[in-house]
Amino acid sequence: MNMIRRSILNVERGRRIVGVTLPVIRKFSDTDTNSFVSVREDKDIKGLSIVTLQKKPVNTFCEECLNQVTDAIHKVESDEKNKAIIITSAFPGVYSAGLDLNGLAGKTPSEIIEFWKSLQNMWLKLYSSPLITVAAINGHSIAAGCALAIACDYRIMSAGDYNIGLTVTRMGIPVPFWLRSCLADVIGTRQAEKAASLGLLFKSQQALDMGLVDEIVPMEQVLPTAREQVPKWLEIPEHSRVAVKLGMRENLINELMSKKDTEAEEAVDVVQLESVQTNLRNALETLGMRKYSKLR
């Protein structure tokens with residue numbers, strides 16, 4: 001039985017729809033003072049949870065942070081009363097600065113594979129989720145931050161001098177096939193090829209004009225606007241909305257599921273190239289000198 005048919009039957013039978021089943025790395029707890037992610041129920045909109053990225057200083061994704069995002073989505077999905085999530089940042093001005101490069105620099109093949117699989121799992125869990133997913137992009141959204149945003153159903157970004165884009169190519173690491181495909185679905189094949197090949201960053205207005213984001217609003221209005229958007233999606237019968245979403249995404253979901261191990265192994269081969277390791281070390285040195293004070 002395919003994913004769409006199974007989802008429709010689950011709704012009709014009163015069962016909770018869940019996205020792709022992935023191993024739960026840890027039991028997520030948003031009360032943990034060391035947590036990189038928090039989850040809270042919206043007080044006014046029934047069925048909405050707010051997922052907040054809170055890894056200081058700029059929400060770089062280490063392996064543990066990736067796993068916590070995956071488990072947070074799983075936690076929300078598992079409760080049948082939950083219908084939607086908004087993903088935002090605790091740090092206005094920075095949604096996410098991308099992957100923590102320490103997870104790739106100077107690591108063993110097994111360490112890189114585990115890190116890469118955590119990235120795959122996080123993105124796949126979000127992309128395949130039957131929940132309504134809205135990215136409240138309240139600042140720069142770089143590399144893996146952009147990857148997270150384009151996995152969502154709807155994207156609202158802060159207006160002004162903020163950047164969004166997939167930049168990993170600049171490090172000598174090709175954009176993974178699943179991100180290339182998703183980006184092409186969002187902005188079109190030609191624009192996606194150029195953006196991924198050159199590792200381009202786009203200002204908020206550019207991102208809006210090309211369809212990379214759906215709205216831009218003043219910083220203080222990003223989360224309120226995201227909350228206003230959710231009821232419009234909640235009006236649609238869940239089984240029909242999920243059928244459309246998974247129907248559009250099923251091929252890419254299945255392709256990534258079938259190629260996860262091979263793709264992770266290929267990533268190791270690239271990441272361990274001396275030229276890539278040099279780029280990673282140089283980037284970490286530059287970031288250290290700047291102390292993450294400004295994203296360019």
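**Exercise 1.** Determine which element gives the most to the lining of the second largest pocket.

*Solution.* In this predicted model, local features need pLDDT of at least 70 and side-chain atom pairs count only at pLDDT 80 or more, whereas totals for chains, interfaces and linings use all residues. Residues are numbered from 1 along each chain as its sequence is written, and side-chain values use heavy atoms, with hydrogens and water left out.

Step 1. A pocket is an open set of points, on a 1 Å grid over the protein atoms alone, where a 1.4 Å probe fits and protein lies on both sides within 12 Å along at least five of seven lines; its lining residues have an atom within 4 Å of a point.

Step 2. The second largest pocket holds about 380 Å³ of space, and of its 14 lining residues, Cys152, Asp153, Lys245, Met248 and Arg249 are the closest to its centre.

Step 3. Two or more lining residues come from each of α5 (177-187) and α9 (238-271), helices being DSSP runs of H or I with at least four residues, numbered from the N terminus. The answer is α9, with 5 residues.

**Exercise 2.** Decide whether glutamine 229 is buried or exposed, and find what it touches.

*Solution.* Step 1. Glutamine 229 belongs to helix α8 (residues 222-234).

Step 2. Its relative accessible area is 8%, so glutamine 229 is buried (under 20%, with a 1.4 Å probe and protein chains only; exposed is over 50%).

Step 3. Leaving aside residues up to four places away in sequence, glutamine 229 touches Tyr154 and Glu215, where contact means heavy atoms within 4.5 Å.

Definitions and conventions: Points joined across faces, edges and corners; volume = space filled by probe spheres on them.
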